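Dear colleague,

I am passing on the structure we spoke about, and below it you will find my notes on what turned up when I went through it. Please keep it open as you read.

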Amino acid sequence: MAGGMVQSYGYLGAAGSAAAGPSTTTTTTTTSQIVSRAVAAAAANNHHSGRKSGRTSKRYSVSAFYSMAAEQDNEVEDELAQAQRRLRDLKSKISAQSKKNFVLERDVRYLDSRIALLIQNRIALSEQNEMVAHFEEHGEGDSDSYPDDRKIQLIGNLFFILQSEPRHIATLCRLVSLAEIDSLLQTVMFTLYGNQYESREEHLLLTMFQNVLAAQFETSTEFGSLLRANTPVSRMMTTYTRRGPGQAYLKNVLSEKINSLVEHKDLNLEINPLKVYEQMVAQVEHDSGHLPPDMPRSVTPEIAAANPNVQAIIQPRLKMLMEIAESFLTTIIASTDAVPYGIRWICKQIRSLTKRKSPNASEFSVCSMIGGFFFLRFINPAIVTPRAYMLMDNVPNKHPRRTLTLIAKMLQNLANRPSYAKESYMLPTNPFVESNKQRINKFLNELCEVSDFYESLEMDQYMALSKKDIVLNITLNEIYSTQSLVLQHLDTLAPKEKDHIRVLVNEIGPTVSQVSRKENKTIELPLFSRWEVPIQDLTTALMSENNITQNDILYMETKAIYVQLIRSLPHLAASLTLDLDYIAETAATTKDPQLVRKGIKVKDMLRELEDAGIIDHRDRYKLLVEEITQELTHLGNLKEKVVQELESLESVYKTIIDHNTYLRGQLESYKAYLQNVRIQSGGEKATKNSVGIGVEVDGAPKKTRKAPTQGPVKFSHSQLEKDGVISESTVPESRRANIFFSITAPLPGTFIIAMHFKGREKAILEMDLKLDDLLEKVSFSFSSNDKHLSTTAKLKCIFCSFYLATR
């Protein structure tokens, strides 16, 4: 019963394989704790379901929960225990390394964008120093901001509430800005619920997702782009898919397909007529040294699409491309059972919320919403950027990379309502979409067919109450940033004076600002709640309410000890029928003191149970033997699954470690580049210790001079308008002849733009701007709609002016 129930949730064990990970740790479990935990969970479940049952039924219920708890029995050293220990350690390492990679990827993203601007133009020294700060490693440092013991207890209580009541985190995720979400995601995904393979934390995290999605669906007016827009919620969902289970799925399902395709480095399957024409022109020019008169260098997309030679090139490519896309689709559809439970459950919530939001929605519309998450947020990013998703060791070459992008577009068009308005060249792939509509809809619906976890979560919550010394490994900055967000949105999170969160926030006092990276220590934060009922009182109350007697407890403890003895002495289970008297006697006469104590104790327990009329030696304790046999069978099957999972996760862990090495290599490259830039710009004196990496200097280093102020350079409004720099202007035409711009660069990458009216000494408008910020805005404007055109024009004016002023 337990095995089937646990497997239905997608885990090897609700407690067994769910060992304490890097974020949360607990103490060793003893036999009595196992039984106490099982009784509490079973009693709670009986109470929850309102069942009225006899002793046998109650004992079977308790037995099921005992089976779940006993899987993490630390008093046994058999092959299963050793495999489980290795699996727990491996899962712990994966969870910890996933968090490290998330932080590194965030740093690389930031620095990648900033250094891309540096390559084009120099920026202010202060900003260079700010970027260099990203490379500082954690180290020892004294800080007055370290919380005292009293605050540690209060903060531990606050984080216990945030973890065990996910609605609060869900509210924060809806309220924070896009700029704040990465910091919150780090705390939520990799610390608060960082034990990625522990069922309680996973289920609490999914409950948080449910709250977030429900609110998102309720308040959204743009139904079609609900899950496609770049919002804090969509960022959160993407981050969730990149945790350990999602990464393992992508590697197992997509890695081989992608690598086999990427091996064909010269296979060009471009189907965009304009790009095909350009490639054809380049090839003809390369082969003959010139272009024929009837082959212009540049043509419109329409002319390129009508070109017979282009059509002849595209036709076989199109056929091959659809065959490859078909093979990808078949592989993905065949992997339904391998999709992580959490991702399937989110799909299920999306389907349910979509139908609730729009009861008359067609099946295609509902599946389109599911596909918007599964393909757009999970599958397609891995196909398009396999190196970033650790599916291959190197970035694919140009042609395979383009092929992967086209395949991702085809899968996305299949999973959603295709629109070819912006990419008309994809229209010929529509037969692939039409022929697979039913297949994809069936697959997306099957993804949603998973059990809910609410009853299991309730059991996990009760079982968690028996754990002592629950600890969260968390950095100081994670604590302070979360406190700050809670305080910022306190009126929404805890509107009443007596709300527990408000009480704790008031007692903790003012929030502390972020500490430096060197002082950002990781601490062990004890989690507890002063408002929780102790497990001892809870167990007693539940036992009383559900008529679970001391004899039931004695029965479970007897069963637990026999399972431990047989696991420690496996040859005792060689016979077809277990001889409990012989097993107890054998254990009591071994040389192992612990086994001797258990053997003597279990003899007394057998007699006590028989005196109570629970078991009978005349039928050789038939009921107890049957339950022990069932438990041993379950544990035997569990061992095979643990070993299989070990093999799979070892590959995932190696991939994650390799990716970490790759990210660190990128950061080292950035460090070298920044070091050189700082030296050349006069930011620091070049010494033996400060010379840029990869740079050799002969003799004494030369001192760099401070760059002189550039400008001012003046441009008239009409001149910039004539040159196409200003494409739109709100200045009245009658006044444009009297308007001119003055651009001055007091520092490299920093400039002052002033708009003047002839005859007036003082500027009408003056702006102090940084080049890299402008470059970011330009990048945004060019990738956005036409409404940003005026912004783009202003920025183009600035860049042209700066170029002329400094050339």
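A residue is called buried when its relative accessible area is under 20%, exposed when it is over 50%, and partly exposed in between. By that scale Glu 323 is partly exposed, with a relative accessible area of 46%, whereas Lys 319 reaches 56% and counts as exposed. The side chains of these two residues meet in a salt bridge, 3.1 Å from N to O, and because they lie four residues apart in helix 14, about one helical turn separates them.

Please bear in mind that this is a predicted model. The mean pLDDT of the protein chain is 75, with 70% of its residues at 70 or more; confidence is highest in helix 14 (residues 308-333), at a mean of 95, and lowest in helix 1 (residues 2-8), at 29. Over residues 682-705 the pLDDT is below 50, although this stretch has 25 contacts in the model beyond near neighbours in sequence.

The whole structure holds 19 salt bridges. Another of them joins the side chains of Arg 439 and Glu 326 at 2.7 Å, N to O, and this pair links distant parts of the chain, since Arg 439 belongs to helix 19 (residues 437-447) and Glu 326 to helix 14, 113 residues apart. Arg 439 is partly exposed at 30%, as is Glu 326 at 27%.

Finally, helix 25 (residues 550-568) reaches 27 Å from its first C-alpha to its last; 15 of its 19 residues are buried, so helix 25 is largely enclosed by the rest of the structure.

With best wishes

Terms used: Residues are numbered from 1 along each chain as its sequence is written. This is a predicted model: local features need pLDDT of at least 70, side-chain atom pairs count only at pLDDT 80 or more; totals for chains, interfaces and linings use all residues. Side-chain values use heavy atoms; hydrogens and water are left out. Helices (H or I, at least four residues) and strands (E, at least two) are DSSP runs, numbered from the N terminus. The expected span of a helix is 1.5 Å times one less than its number of residues. Buried means under 20% relative accessible area, exposed over 50%, partly exposed in between (1.4 Å probe, protein chains only). pLDDT is the predictor's confidence in each residue, from 0 to 100. Contact means heavy atoms within 4.5 Å. A salt bridge is a side-chain nitrogen of Lys or Arg within 4 Å of a carboxyl oxygen of Asp or Glu.
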